[in-house]
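Dear colleague,

I am handing over the structure that follows, together with some notes on what was found in it. Please keep it open beside this message while you read.

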Amino acid sequence: MSYLNLKYIDLSSITIVGSLIFFIWGIIVGLLLFIYFAINGNFDTLSLLIPFTIAFISLVGGIVYYFIGTFIYNIFSKKIFNVSFEISNGNIKRISILPISIIITLINIIFVILFYPGLKLVLEVILIDLYSFISFTPMISLIGQTIDIITNPIIILIFIVLTFILTVLGEFIYDLVSKKTGGVEIKLENNNNNNGLNKINYFKPSSVGLNLAISLIIPYTIINLIISFLFFPVSYINFIWVIIGGFIGIFIIMSISTIFYNLIANKLNPILVELESN
């Protein structure tokens, strides 16, 4: 059994891997939407742009998210907290709850500060003007109300607080269930050719899917309760199906994303990290 501190994450490797996974999912989602529109008789030449547009946005979004997020993490991990992992027999048994929750919350706060003006501009000006231009009047009022909620500073503050609480809850659940499930299986390789950084060569897809689905289902349920209470009330039966669907969805998405990661790590390059024995 070993305790390791995650001191540093290589910016280029995680940005490449993370953005490629976003890009692949963008292609998949774009193709599914294209097929949906085609089946429902909404096919036109603009529909051909859907897969490419979503894939491009996913790629750019992934680059921005992983580069900036990792850059901020590397600063905080050296100046504020060390995120530590307990690894036994190649499985992640425990993750330090408070440090990672604080760092994720701080990263979200910085993202809000950086992108809030642009988000408000895009939503309030461009989106409403676009719907006005195409004379989609019935949707304008609903879009305006949704934008007011999304960009409300109080809602954003609540989102930040919830980020911390739900991250703490998710990590706490992971530390509990990993004792029963064995935790996420991981393969690390020491590599002196990369300035002493370690390669993350492999995650076991089923272990990632199962542990994250169990860990995230309660935070997911809380979020859905809030959304249901504020916006879209649903019956108890439907809500139960939403929870079941959420669990299955998280398991499938995380497992498939892990398969993507393993392929990219094997064919291109894995994520490089600096780990320090505690």
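Predicted model: local features only at pLDDT ≥ 70, side-chain atom pairs only at ≥ 80, totals over all residues.

Residues are numbered from 1 along each chain as its sequence is written, and side-chain values use heavy atoms, with hydrogens and water left out.

Strand β2 and its neighbours

β2 and β3 (residues 91–95) run antiparallel and are joined by four bridges, where two strands count as paired if DSSP finds at least two bridges between them. Glu-86 likewise stands opposite Arg-94 in β3. The two strands form a hairpin with two residues between them, and Asn-89 in the turn has a positive phi of about 55 degrees. Strand β1 (residues 2–9) also runs antiparallel to β2, through five bridges, and here Asn-5 stands opposite Ser-84.

Six of the six residues of β2 (residues 83–88) are buried, so the strand is largely enclosed by the rest of the structure; buried means under 20% relative accessible area, exposed over 50%, and partly exposed in between, with a 1.4 Å probe and protein chains only. Val-83, Phe-85 and Ile-87 point one way from β2, whereas Ser-84, Glu-86 and Ser-88 point the other way. In a regular strand the side chains alternate between the two faces of the sheet.

The barrel and the helices on it

The six strands form a closed barrel that runs β1-β2-β3-β4-β5-β6 with antiparallel pairing, and the twist averages 50 degrees from one strand to the next. Helix α1 packs on this sheet, touching β1 and β6 (271–277), and its direction makes about 130 degrees with that of β6; contact means heavy atoms within 4.5 Å, and axes are lines fitted to C-alpha atoms, for helices over the stretch in contact, with angles running from 0 to 180 degrees between N-to-C directions. Helix α5 (residues 153–181) lies across β3 and β4 (184–190), running at about 135 degrees to β3.

Where α1 meets α7

The axes of α1 (residues 11–39) and α7 (residues 236–267) come within 10 Å and cross at roughly 125 degrees. That makes α1 oblique to α7, since angles under 35 degrees count as roughly parallel, over 145 as roughly antiparallel, 65 to 115 as roughly perpendicular and the rest as oblique. The contact is made by residues including Val-17, Leu-20 and Ile-24 of α1 and Ile-253, Phe-260 and Ile-264 of α7.

Ile-24, in helix α1, counts as partly exposed at 28% relative accessibility. Leaving aside its neighbours within four places in sequence, Ile-24 is in contact with Phe-260 and Ile-264. Ile-24 and Ala-55 are 31 residues apart in sequence, yet 7.2 Å apart in space, C-alpha to C-alpha.

The chain as a whole

The protein chain has seven helices and six strands, which follow the pattern β-α-α-β-β-α-α-α-β-β-α-α-β along the sequence. Of its 278 residues, 36% are buried, and residues 24 or more positions apart account for 77% of the contacts with a separation of 6 or more.

With best regards
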